[in-house]
Amino acid sequence: MKIVVCLKQVLDPDLPARDFKIDPAAKEAQRGNANLVTNIFCENALETALQLRDKIPGTTVTALCYGGSEAEDSLRKALAMTADGAIYVEREGSSNPDPETVARVLAAAIRKEGEVDLVMVGRESGDWGVGQTGGLLAEELGLPALGFVDTLDLAATGDGGLRLRRQTDAGFEVAEAMTPVLVTITNNEANVPRIPKTRDVMMSYRKPLTKHSLAELELDSDETRGANGYYEVAELFVPEKQVRCEMVAGDSLEEQVDDLAQRIASVVNAIG
Amino acid sequence: MSAVVICLFGATGYGRSAQGVAGAGRALAGELGAELRAVVLGPMEEGELSALSGVADRIVHADQAELGDYQPDLALAAAEQLCKVSEPTAVLLANDVYSQEVTPRLAHRLGGSSMADVTEISTADGMIRVQRTAYGGKAISVYELKKSPAVISTRARSMAPAEPTGRTAEVEKASVELPEPKVRIVERTAEQSEGVKLEDADVIVSGGRGLGGPEPFEDLRVLAEVMKGQQAASRAACDAGWVPPNWQVGQTGKKVAPELYLAIAISGASQHLLGMGDSKVIAAINTDADAPIFKHCSFGIAEDFKKVVPLLTEKLRGLIQP
Ligand SMILES: Cc1cc2nc3c(=O)[nH]c(=O)nc-3n(C[C@H](O)[C@H](O)[C@H](O)COP(=O)(O)OP(=O)(O)OC[C@H]3O[C@@H](n4cnc5c(N)ncnc54)[C@H](O)[C@@H]3O)c2cc1C
Ligand SMILES: Nc1ncnc2c1ncn2[C@@H]1O[C@H](COP(=O)(O)O)[C@@H](O)[C@H]1O
């Protein structure tokens with residue numbers, strides 16, 4: 001089975017709010033001293049893929065990213081997490097391409113790989129978090145899809161189909177699908193991304209990292225570079241919220257918890 | 001007349017979420033001078049359907065039994081066919097997982113643009129603009145959707161419900177062609193069937209990584225019971241496997257806005273705040289007085305939960321009217 005996992009590199013989501021600043025002209029976050037990291041849901045997807053590979057002999061996992069030059073770091077990390085190969089598509093033009101453009105680029109890169117059985121993307125990215133790329137990519141590739149999947153297995157039917165478990169608002173659903181199929185991945189306790197071993201980090205430099213330009217994908221157009229035919233950011237601002245927290249009063253724990261209890265009770269009793 | 005379509009699942013009925021979608025749809029239709037049409041996928045209870053006909057101008061109902069239990073390929077095909085004939089300016093959906101996964105694919109099939117988790121919709125120079133949070137809640141973004149129709153998954157429960165029109169919309173039955181599904185949902189399990197939905201809870205007692213394991217959630221359950229509330233958690237606690245994933249509140253979890261949200265051993269990362277920041281009163285128990293959660297609280301205590309929770313539970317038993 002051949003699996004492609006799409007990875008997006010994003011501004012470190014752990015950047016504390018007090019250090020977060022906006023570049024008003026570019027209408028995006030200022031990079032500042034923050035790191036670029038692989039989006040967490042993409043790493044959850046990669047982890048899920050790697051675990052599936054270990055269950056199904058002959059499976060390969062390829063990481064795919066459309067991004068700026070530093071995106072190679074995300075792909076190297078994916079290789080160090082033991083992905084078998086990586087494809088880097090060099091981004092041109094807008095640093096915040098719309099999801100339709102991204103889906104077209106990813107689709108072209110995936111088609112170049114020949115037959116792919118399973119395409120995995122994160123449910124949403126940790127920067128803009130639009131969560132649109134997966135669905136659009138499924139449409140571009142003409143694949144069936146299921147969202148919010150957290151566990152994949154071979155179906156018990158033994159026909160090579162997959163059993164997909166996904167999270168819903170109320171609980172879980174199990175679905176069956178024949179390949180090729182696309183899934184968007186969400187987090188659960190089993191797909192927390194592994195920390196690469198030192199040895200695997202060293203090995204990652206010997207693994208293949210294929211590069212494509214937009215021209216090689218026959219997508220070098222102003223439309224691709226502009227990447228704003230789907231939508232455009234009109235405004236970006238930091239919300240102002242003024243809340244003053246009152247720490248509970250009292251000299252002893254007993255008194256403090258008493259104050260806390262009084263405050264909580266007054267809210268709860270007011271609900272009626 | 002141009003149309004704004006709201007796309008609803010019959011099985012979900014006309015509950016708070018559908019009402020929010022209808023409210024947002026009505027407001028946008030008003031701005032555009034458009035008609036509000038409802039597309040209903042799958043059988044819907046009579047009472048719910050008649051409530052809907054009191055707020056929409058027109059209803060197109062595909063009541064085929066095959067559309068009763070959500071199947072992605074079928075819902076998508078049905079939504080596509082029913083929306084296409086209306087040539088809508090916008091299609092609005094809720095933000096349950098079904099609506100979320102349908103949104104971008106439907107947009108693609110209709111030649112439009114999509115966006116999810118939208119909190120406000122407006123128009124500027126004839127273009128549709130949508131507002132939503134960005135950067136894990138640290139910023140607010142407004143997007144101009146360039147292609148028509150704008151297919152929008154809305155944060156439905158926080159949208160004001162639609163006012164009745166005073167008329168009764170006609171319900172037009174439609175039959176759609178359904179493809180052979182390639183993905184088939186074969187099993188459905190509800191984790192938290194008893195009690196109120198987290199999204200509807202008045203009081204939420206939420207626990208985070210600082211609890212250190214699954215056991216303290218049992219103490220929090222007792223506290224929640226005394227407070228007449230529901231339990232929830234941060235992503236860190238869910239990822240650790242201490243509680244089920246559908247307890248997660250935040251950017252990629254439930255969006256809640258109770259009267260009281262008590263955060264215990266939760267640091268208050270922006271992604272968590274995004275899911276509960278609209279709560280009326282937020283309170284926190286956290287050992288770290290500098291934890292970001294205290295910047296969003298009405299009141300709090302900088303103490304170890306192990307010392308606070310048992311004492312608090314006891315005191316509240318005497319203070320809260322049963
Ligand atoms: C794209 C993306 C989406 C995300 N979506 C979500 C989401 O939907 N929901 C979500 O919650 N997170 C989400 N996160 C993760 C988020 O960034 C944080 O990592 C997470 O919320 C941290 O959980 P926490 O507060 O429980 O843990 P921590 O940040 O580790 O905080 C634990 C807290 O417990 C306190 N503590 C420790 N011991 C005690 C004690 N004995 N008594 C009292 N207090 C104690 C500590 O002081 C600390 O403040 C997302 C992240 C990304 C990148
Ligand atoms: N530039 C990109 N390169 C590779 N994958 C991407 C890119 N952008 C988005 N994706 C994938 O699409 C998912 C959802 O992203 P988004 O729609 O931007 O929220 C991510 O988790 C990735 O798996």
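In chain B, 65% of the contacts between residues at least 6 apart in sequence join residues at least 24 apart, a contact being heavy atoms within 4.5 Å. The model is predicted, local features need pLDDT of at least 70, side-chain atom pairs count only at pLDDT 80 or more, and totals for chains, interfaces and linings use all residues. Residues are numbered from 1 along each chain as its sequence is written, chains are lettered from A and ligands numbered from 1 in the order in which they are written, and side-chain values use heavy atoms, with hydrogens and water left out.

The C-alpha trace of chain B spans about 65 × 45 × 40 Å along its principal axes.

Of the 322 residues in chain B, 61% are buried, that is, under 20% relative accessible area with a 1.4 Å probe, protein chains only. Chain B exposes about 12300 Å², of which carbon and sulfur atoms supply 48%; areas come from the Shrake-Rupley method with a 1.4 Å probe.

Cys83(B) is accordingly in no disulfide, and the nearest cysteine sulfur, that of Cys7(B), lies 5.1 Å away. Cys83(B) has a relative accessible area of 0% and is therefore buried. Cys42(A), at 4% relative accessibility, also counts as buried.

Technical notes:
Buried means under 20% relative accessible area, exposed over 50%, partly exposed in between (1.4 Å probe, protein chains only). A disulfide is a pair of cysteine sulfur atoms within 2.5 Å.
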